[in-house]
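Hi,

Here is the structure I promised to pass on. Have a look at it first, and then read my notes below.

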Amino acid sequence: MAELDPFGAPAGAPGGPALGNGLAGAGEEDPAAAFLAQQESEIAGIENDEAFAILDGGTPGPQPHGEPPGGPDANSRKQEAEWKEKAIKELEEWYARQDEQLQKTKANNRAAEEAFVNDIDESSPGTEWERVARLCDFNPKSSKQAKDVSRMRSVLISLKQAPLVH
């Protein structure tokens, strides 16, 4: 029977794999076909592996990397327990730091909100431009804006110093 390539063409047929020098040789083996056969046998071995037998309730075979079927030894279990304890302790410390930081942030936000509300409630005549000036950045070197706002800055400063009379 003629050997088939992965696409179904017989070996040596036009469009099929050529062996050796392009002619179908009776004693030559195609390296690609050998590789494919090896891969198929490995896949079949994986499908019939003992790991699937464990899932089905069977008994486990030898473990990978030479571990005994009983699992890790006492030293590795002890080390794992130590790591878990250390991880739990670090996690608790992290949560404590996060909670402390959250409480500080809440306190700062409450104080800032209270100051903002007090500033809004203070609406005495003549302080409008001072309130506007507090919201503006008058330091020309700290602003990284692309537009020149020096004229606007100078107008706001002059209005703050000498407000308009209504």
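What pLDDT does the protein average, and what share of the residues score at least 70? The average is 74, and 59% of the residues score at least 70; pLDDT is the predictor's confidence in each residue, from 0 to 100. Confidence is lowest in helix H2 (residues 50-55), with a mean of 58, and highest in helix H3 (residues 74-121), at 93.

Some housekeeping: this is a predicted model, so local features need pLDDT of at least 70 and side-chain atom pairs count only at pLDDT 80 or more, while totals for chains, interfaces and linings use all residues. Residues are numbered from 1 along each chain as its sequence is written, and side-chain values use heavy atoms, with hydrogens and water left out.

On to the fold. The protein has five helices and zero strands, giving the pattern α-α-α-α-α along the sequence. Helices (H or I, at least four residues) and strands (E, at least two) are DSSP runs, numbered from the N terminus. Of the 166 residues, 6% are buried (buried means under 20% relative accessible area, exposed over 50%, partly exposed in between, with a 1.4 Å probe and protein chains only). The accessible surface comes to about 14,300 Å², and 57% of that belongs to carbon and sulfur atoms; these areas come from the Shrake-Rupley method with a 1.4 Å probe, and for residues only the protein chains shown count as cover.

Arg153, Leu156 and Leu159 are the buried residues of H5. They sit on the same side of H5, because they cover an arc of only 130 degrees around the axis, taken from the directions from the helix axis to the C-beta atoms. The face turned away from that buried side carries the exposed Arg151 and Gln161.

Arg153 counts as buried at 13% relative accessibility. Its C-alpha is 8.4 Å from that of Cys136, 17 residues apart along the chain.

Finally, the aromatics: a search of the whole structure finds one pair. The rings of Trp94 and Tyr95 have centres 5.2 Å apart and planes at 65 degrees, so they are edge-to-face (centres must lie within 6.5 Å; planes under 30 degrees apart count as stacked, over 60 as edge-to-face, the rest as tilted, using the six-membered ring of Trp). Trp94 is partly exposed, at 39% relative accessible area.

Cheers
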